[in-house]
Amino acid sequence: MDQISFITDYLDQHSRDYMEMSDAIWEYAEHRFQEHKSAAQQQAYLAALGFRIRADLAGEETAFIAEYGEGKPTLAFCGEYDALAGLSQQAGVPRREPLPEQPYGHGCGHNLLGTGCLAAAAALKACMEREGLPGTVRYYGCPAEENAGGKAFLVRDGLFDDCDIALYWHPFAYNQVVYGSSNANFRVFFTFHGTAAHAASAPHLGRSALDAVELMNVGVNYMREHMIDEARVHYAVTDTGGNAPNVVQRQAQVLYAIRAPELGQVRHLYDRIVKIAQGAALMTETAVEVKQVASYANMISNTVICRQMEKYFAQLPPVQYTQEELDFAQQFKETLLEEDREGLENGAAAFFGRRLAREQLAQPIYTAMAENNKHVAMKGSADLGDVSWKVPAAYFYGTTWAAGTPPHSWQAAAQGKSSIAHKGMLHAAKVLSCVGYDFLTDPGLVRRAKAELLETLDGREYVCPLPPECKPEVW
């Protein structure tokens with residue numbers, strides 16, 4: 001039996017374990033740095049398989065490394081399991097229906113992402129045992145990908161320094177190996193401190209922190225005309241200073257996300273925004289406290305790894321769907337907003353080309369590989385970017401949702417326990433494990449991936465953009 005057959009048989013035989021695990025993590029729906037049940041379940045499963053466990057890493061209580069084997073090469077499978085705020089949702093229901101008393105939901109599919117990477121690591125371990133292969137396979141349990149960039153803290157503490165290859169996937173509405181980059185990103189709180197006063201009888205004694213927040217936001221809005229087109233700056237007011245209009249707000253706070261293609265560009269925008277905040281404080285006679293809580297480096301996709309991923313998408317049998325699954329997906333495709341539906345045709349053409357797009361649009365699940373835009377940079381941010389500056393890394397999107405389903409949506413959360421999602425997760429694990437086997441057994445492949453990273457960096461070195469005082473925390 002060759003390794004592809006062995007890996008696929010192993011994963012099929014243990015598929016029930018992975019479906020139950022991903023469903024359990026979907027139900028836990030734990031927020032960033034609070035994924036205690038999710039991490040514990042994965043640790044227990046891997047420990048029972050013989051993996052060595054290191055937990056509570058880089059100040060993140062819910063981070064862990066499960067390791068098997070010894071020697072080189074060292075392969076990292078990067079998993080996630082954090083849920084998103086505001087995306088509580090009943091499973092399988094094609095309408096917005098939050099779960100009672102559950103504020104979070106898996107609207108980005110991390111229940112599937114982490115479990116799929118874990119399954120790939122388990123299958124590769126089984127290959128190593130079967131063939132007596134040297135090398136080390138690791139599963140990284142990575143918390144807080146959403147908003148807090150949990151991997152950046154792990155990278156800063158050197159926990160990827162001895163890795164040779166890093167592998168990853170992400171649930172999505174289509175299949176695609178991602179050659180493009182992603183935006184670097186800072187997350188920064190600006191907290192203004194003023195003076196409370198009675199807004200009617202003594203307004204002259206007050207200094208409004210909320211005024212300062214509003215003036216800062218106006219200043220940043222004017223700045224948008226004078227920044228590079230590729231940059232993105234957005235904010236959320238996290239503290240308005242209370243709900244009493246007759247009291248001058250003593251404190252108010254705004255959280256900014258600052259994105260651009262390169263870390264240096266983000267740093268430049270950050271410095272400008274700090275000056276705007278200081279100007280708002282000066283105008284309102286308040287004080288401003290600036291606190292960076294997260295950062296994401298831009299992604300460096302390794303084409304040597306990408307090509308191996310494409311190889312196994314081509315070699316492994318594609319996922320087959322039942323009529324019941326197609327009907328299920330169609331229900332969710334029909335929930336899309338009108339503007340989303342209008343964008344489906346252009347989006348499909350961008351993914352597949354006009355001819356293949358017509359075929360794909362006629363069905364509720366995209367089954368083809370999206371080839372046309374695989375080099376396009378992602379507008380969002382991902383903390384795998386920090387890993388990719390230290391270790392050759394790449395990832396792919398795997399179909400787990402109905403066509404057109406946007407990530408970070410209730411539709412994505414509702415489909416997270418479906419058989420379509422399970423099949424996509426299992427297929428992703430097969431691709432990842434087969435790719436891992438190639439790098440485990442072919443030293444030349446590892447050397448080529450490392451050489452490409454060195455060439456891409458061209459003398460640049462990763463400098464973690466997190467301030468030294470920045471620690472993982474719940475906020």
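This is a predicted model: local features need pLDDT of at least 70, side-chain atom pairs count only at pLDDT 80 or more; totals for chains, interfaces and linings use all residues.
Contact here means heavy atoms within 4.5 Å. Axes are lines fitted to C-alpha atoms, for helices over the stretch in contact, and angles run from 0 to 180 degrees between N-to-C directions.

Residues are numbered from 1 along each chain as its sequence is written, and side-chain values use heavy atoms, with hydrogens and water left out.

**The whole chain**

Count up the elements and you get 15 helices and 13 strands; these are DSSP runs numbered from the N terminus (helices are H or I, at least four residues; strands are E, at least two). The radius of gyration is 23 Å, close to the 23 Å that the globule rule gives for 475 residues, so the chain is as compact as a globular protein of that length. That radius is taken over C-alpha atoms, and the rule is 2.2 Å times the number of residues to the power 0.38. Along its principal axes, the C-alpha trace spans about 85 × 50 × 40 Å.

Two strands pair if DSSP finds at least two bridges between them.

Glu80 stands opposite Cys142 in S6.

Most residues other than glycine have a negative phi, and most peptide bonds are trans. Ala58, in the loop between S1 and S2, has a positive phi of about 55° although it is not a glycine. The peptide bond from Lys72 to Pro73 is cis, with omega near 0°, and Pro73 belongs to the loop between strand S2 (60-70) and S3.

**The four-stranded sheet**

The other sheet to look at is open too, with four antiparallel strands in the order S10-S11-S9-S12. Strand S10 (232-239) and strand S12 (287-296) stand at the edges with a single partner strand each, so one side of each is left without a neighbour in the sheet. Here the twist averages 20° from one strand to the next.

Strand S9 (residues 184-193) and strand S11 (residues 251-260) share ten bridges in the antiparallel sense; Thr191 has Gln253 in S11 as its bridge partner. Helix H6 (residues 209-223) packs on the sheet, touching S9, S10 and S11, with its direction about 20° from that of S11. Helix H7 (residues 263-284) packs on it as well, touching S9, S10, S11 and S12, at about 10° to S9.

**Helix against helix**

| Pair | Axis distance | Angle |
|---|---|---|
| H2 (residues 15-28) and H3 (residues 36-48) | within 9 Å | roughly 160° |
| H9 (residues 323-333) and H14 | within 10 Å | roughly 105° |
| H10 (residues 338-352) and H11 (residues 354-361) | 8 Å | about 125° |

How do the directions sort out? Angles under 35 degrees count as roughly parallel, over 145 as roughly antiparallel, 65 to 115 as roughly perpendicular and the rest as oblique. H2 is therefore roughly antiparallel to H3, H9 and H14 are roughly perpendicular to each other, and H10 is oblique to H11.

For H2 and H3, residues in contact include Tyr18 and Met21 of H2 and Gln41 and Tyr45 of H3. By class, that contact has six nonpolar, three polar and two charged residues. Ala, Val, Leu, Ile, Met, Phe, Trp, Tyr, Cys and Pro count as nonpolar, Asp, Glu, Lys and Arg as charged, and the others, Gly among them, as polar.

H9 brings Glu325, Phe328 and Ala329 to Ser419, Ile420 and Lys423 of H14. That contact comes to three nonpolar, one polar and two charged residues. Between H10 and H11, the contact residues include Leu344 and Phe352 of H10 and Leu356 and Leu361 of H11, and the class count is seven nonpolar, two polar and two charged.
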